[in-house]
Amino acid sequence: MNKKELREIYIGRRMAMTPQERTKQDDLLLLRFQDIPLENVQRVLSYLPIPKHGEPDVTLCTRYLRHMIPALKLAYPVADFSSATMHAVEVDDETRYASTPAGITEPQNGSTLLPESIDLVLVPMVICDARGHRVGYGKGFYDRYLAGCRKDARRVGLCYFEPVERIDDTHQFDVPLDLCITPGKVYEF
């Protein structure tokens, strides 16, 4: 199947989950996330879930990271829709946030972390395939950003569903994940 078809199917499946199912799956995702090694992780780019897309609650993982890595530098993306680019803004307890018209919550203040300084990226996704290629939301922001990250920076996706066998319309500029964490398993690519 192609990305558009997979996006429609799997967002629909996420939205059909009850709040209790979602909470259980989020807890299982956190347990699997706790299994990944964190040595040499000091700078993380995460994201805040978009409720209208039914995304996993990645904030559970970022709280865990803050607990495990006291000197953690945590950043969230700020998108520039006019250039289809984004940058990572470091956040702290004083950070102010605002929602964009697209429903994305972004930091309004903070310093920028350069892509090459990031050690771990939590990448939003709908579904991925057995090679680590993912279906996102179709704008390419993350693929462009990930292309500027170091080769050893880990690209990690959280997904309620097991990978599909193959996404039919991947492109040469798609940047695959290193890991996909599901409630049942951690997939390495």
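Predicted model: local features only at pLDDT ≥ 70, side-chain atom pairs only at ≥ 80, totals over all residues.
Biologist: How do helix α2 and helix α3 pack, at what angle and how far apart are their axes?

Modeller: Helix α2 covers residues 19–33 and helix α3 covers residues 59–68. The angle is about 35°, and the axes are 9 Å apart.

Biologist: Is the crossing of α2 past α3 left-handed or right-handed?

Modeller: Right-handed.

Biologist: Which residues make the contact?

Modeller: From α2, Asp 26, Asp 27, Leu 30 and Phe 33. From α3, Leu 60, Cys 61, Tyr 64 and Leu 65. By class, the contact of α2 with α3 has 6 nonpolar and 2 charged residues, and no polar ones.

Biologist: Now the rings. How many aromatic pairs does the structure hold?

Modeller: There are 5 aromatic pairs. One of them is Phe 33 with Tyr 64, an edge-to-face pair at 6.1 Å centre to centre, with 80° between the planes.

Biologist: What does the pair of Phe 33 and Tyr 64 tie together?

Modeller: Phe 33 lies in helix α2 and Tyr 64 in helix α3, so the pair ties together parts that are 31 residues apart in sequence.

Biologist: Are Phe 33 and Tyr 64 buried or exposed?

Modeller: Both are buried.

Biologist: And why is the pair of Tyr 160 and Phe 161 edge-to-face?

Modeller: Because the planes of the two rings are at 80°, and over 60 degrees counts as edge-to-face. The ring centres are 6.3 Å apart.

Biologist: Last one: where does the charged end of Arg 144 sit?

Modeller: Over the ring of Phe 141, 5.9 Å from the ring's centre.

Technical notes. Residues numbered from 1 in each chain as written. Heavy atoms only, no water. Axes fitted to C-alpha atoms, helices over the stretch in contact; angles between N-to-C directions. Helix = DSSP H or I, 4+ residues; strand = E, 2+ residues; numbered from the N terminus. Left-handed = near helix turned anticlockwise from the far one by under 90°. Contact = heavy atoms within 4.5 Å. Nonpolar A, V, L, I, M, F, W, Y, C, P; charged D, E, K, R; others polar. Phe/Tyr/Trp six-rings, centres within 6.5 Å; stacked < 30°, edge-to-face > 60°. Buried < 20%, exposed > 50% of the residue type's maximum accessible area, 1.4 Å probe, protein only. Lys NZ or Arg CZ within 6 Å of the ring centre and 35° of its normal.
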